[in-house]
Structures are given as structure tokens and as C-alpha cells.
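Please look over the sequence and the model shown here before reading on. The paragraphs that follow lead from the overall fold to individual side chains and then to a pocket.

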Amino acid sequence: MRFIVWLLRAFIFFSLFAFALNNQHVVALNWFFGHAWETRMVFVVLAAFGAGLVLGVLAMAPSWWRQRRLAQRSAAPVAAPAGPAQAPAVPATASVNDLTDARAHGI
């Protein structure tokens, strides 16, 4: 399995490397008020990818923080019961048919 993962990583790396080699043309990004930025296309694509990555992480951060707070609250220590644990009482009306029906329904 590790070998397949490394083959996949190598494939992705060489695909991106070939993409970078094939896109070395100079492009001009025209900004507002007449400003222009000329650079190679691979840098423009890399900058767009990085900006998308940062925006995605910033969009997910509030929900990550909320989930982390909830997990920390639920992991708080719970007070142990004072007495010894007792088995729940079985109702006197339970019959064999009740148990069969419960097993049939997956309960």
C-alpha cells in the first residue's frame, strides 16, 4: 500500500512539474488604476492556489474552534457515582417472545 501511495505522490509531483515547465510564458495582470504586474504564468497559478488555500482555512476556522470547544467541554471529568454499580432490574412482564421480537428488529 505504501508503494502505491508513493507512486501516486510521484505522479502528482511530476505532473505539476511538467505543468510548470509548460507554462513559463510571461503574463500581465492588469490591476486597478493602470497598475500591471508581469510575471510567469506558473507564479500566477501558484499565487491563486495559495490564496484559495488561505481563504479556505480562514472560512473553516470558526467551525473548527467551535468543535474544539465542544470537544473540550464534553471531555471534562464526570463525578463518579457514590454507590456501587447495580445491574438494571428486569421487568417481571418480560417474556421469551419479547426478546425474540427485539432481536428481529436489531435492538
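**Overall layout**

The protein contains 3 helices and 2 strands, where helices (H or I, at least four residues) and strands (E, at least two) are DSSP runs numbered from the N terminus. Read from the N terminus on, these elements follow the order α-β-β-α-α. This is a predicted model, in which local features need pLDDT of at least 70 and side-chain atom pairs count only at pLDDT 80 or more, while totals for chains, interfaces and linings use all residues. Residues are numbered from 1 along each chain as its sequence is written, and side-chain values use heavy atoms, with hydrogens and water left out. Of the 107 residues, 5% count as buried, a term that stands for under 20% relative accessible area, with exposed being over 50% and partly exposed in between (1.4 Å probe, protein chains only).

The structure holds 2 aromatic pairs. The pair of F13 and F14 is edge-to-face, with 5.2 Å from centre to centre and 70 degrees between the planes; rings of Phe, Tyr and Trp (its six-membered ring) pair if their centres lie within 6.5 Å, and planes under 30 degrees apart count as stacked, over 60 as edge-to-face and the rest as tilted. The pair of F13 and F17 is stacked, because the ring centres are 6.1 Å apart and the planes stand at 15 degrees. Both F13 and F17 belong to helix α1 (residues 2–22), where they are 4 residues apart, about one turn of the helix. Through these ring pairs F13, F14 and F17 are linked into a cluster. F13 counts as exposed because its relative accessibility is 51%, F14 counts as exposed at 54%, and F17, at 45%, counts as partly exposed.

Another contact with a ring involves R9, whose charged end sits over the ring of W6 at 4.7 Å from its centre; the criterion is that NZ of Lys or CZ of Arg is within 6 Å of the ring centre and within 35 degrees of the ring normal.

Next comes a point about the backbone. Most residues other than glycine have a negative phi. F33, however, has a phi near 60 degrees, a positive value in a residue other than glycine. F33 is placed in the loop between β1 (26–30) and β2 (36–40), and with a relative accessible area of 82% F33 is exposed.

The UniProt record, an unreviewed entry, annotates residues 42–65 as "transmembrane region"; such annotations may be inferred rather than shown by experiment. In the model this span is 100% helix and 0% strand, and its end C-alpha atoms lie 34 Å apart.

Finally, the largest pocket is lined by L16, F19, A20, V42, F43, V45, L46 and F49. A pocket is, on a 1 Å grid over the protein atoms alone, an open set of points where a 1.4 Å probe fits, with protein on both sides within 12 Å along at least five of seven lines, and lining residues have an atom within 4 Å of a point. Helices α1 and α2 (41–74) each supply at least two residues of this lining, and α2 gives the most, with 5 residues.
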